[in-house]
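Take a look at the structure below.

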Amino acid sequence: MDIKFIQFQSHGDERGSLVSLEGHKNMPFTIKRVYYIFDTKEKVRRGFHAHKQLKQLAIVLKGSCRFLLDDGKEKIELLLDNPSQGLFIESFVWREMYDFSEDCVLLVLADSFYDESDYIRDYQEFIEMATHDS
Ligand code: TYD
């Protein structure tokens, strides 16, 4: 599986750091939705779904968490702990997020509005769809 991290330019000086995200300039899509996950409880594992169309970029703004990405052929585990880096998640990739640090703030930028019909929440169904399409 091709894992795509996008490295953002961090404008840092003696006052601190600043990262700017601009649709199609340093982003792989135009941002239509933003959500963030925080205050995650200990030993929690979330996600457990893939999307039919949706593309997303995940950025850990504070703390750290791990991602499991699975395209139906290969599973890859990644640690996200750098607010200057975005993890691009294509459609038809099963994701699980876990090992959230207590202070973790996970920002997700999406190319579409929230649409439950775009979710694949059943792993067997995902495997069938992912392997059928490839
Ligand atoms: P859920 O899909 O369980 O989150 P995760 O992928 O982290 O496991 O979403 C939690 C709740 O939030 C669920 O009721 C759906 C709702 N939700 C929205 O209303 N808008 C959104 O953009 C997202 C991502 C979720």
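His49 sits in strand β5. Keep in mind that this is a predicted model. His49 counts as buried because its relative accessibility is 9%, and the cut-off for buried is under 20%.

Now turn to the ligand. His49 and Gly47 both belong to the set of residues that surround the ligand. Arg33, Tyr35, Ile37 and Arg46 are in that set too. Met97, Tyr114, Tyr119 and Arg121 complete it. By class, this shell holds five nonpolar, two polar and three charged residues. Two strands each supply at least two residues of the shell: β4, spanning 33-38, and β5, spanning 46-51.

A ligand oxygen lies 2.8 Å from an N or O atom in the side chain of Arg46. For the side chain of Arg121, the distance from an N or O atom to a ligand oxygen is 3.2 Å. Gly47 takes part through its backbone: one of its polar backbone atoms is 2.9 Å from an oxygen atom of the ligand. How much of the ligand does the protein bury? Taken alone, the ligand exposes 530 Å², and the protein buries 59% of that.

Next comes the empty space in the protein. Rolling a probe the size of a water molecule over the atoms shows where such space is left. The largest pocket has a volume of about 260 Å³. Its lining counts 18 residues. Nearest the centre of this pocket lie Tyr35, Ile37, His49, Met97 and Tyr119. These five residues are also named in the shell around the ligand.

Which strand gives the most to the pocket lining? That is β5, with four residues. Strands β4, β5, β6 (56-62), β10 (94-98) and β11 (105-110) each supply at least two lining residues. By class, the lining has 10 nonpolar, four polar and four charged residues.

One last stop is strand β6, which holds Val60. Is Val60 buried or exposed? Val60 is buried, because its relative accessible area is 0%. Along the chain, Val60 and Asp2 are 58 residues apart. Their C-alpha atoms are separated by 20 Å.

Note on methods: Residues are numbered from 1 along each chain as its sequence is written. This is a predicted model: local features need pLDDT of at least 70, side-chain atom pairs count only at pLDDT 80 or more; totals for chains, interfaces and linings use all residues. Side-chain values use heavy atoms; hydrogens and water are left out. A residue is near a molecule or strand if one of its heavy atoms lies within 4 Å of it. A polar contact is a pair of N or O atoms within 3.5 Å; within protein, one must be able to donate a hydrogen and the other to accept it, and residues adjacent in sequence count only if both atoms are side-chain atoms. Accessible areas come from the Shrake-Rupley method with a 1.4 Å probe; for residues, only the protein chains shown count as cover. Ala, Val, Leu, Ile, Met, Phe, Trp, Tyr, Cys and Pro count as nonpolar, Asp, Glu, Lys and Arg as charged, and the others, Gly among them, as polar. On a 1 Å grid over the protein atoms alone, a cavity is a set of points where a 1.4 Å probe fits but cannot get out, and a pocket is an open set with protein on both sides within 12 Å along at least five of seven lines; lining residues have an atom within 4 Å of a point. Grid points are joined across faces, edges and corners, and a volume is the space filled by probe spheres set on the points. Buried means under 20% relative accessible area, exposed over 50%, partly exposed in between (1.4 Å probe, protein chains only).
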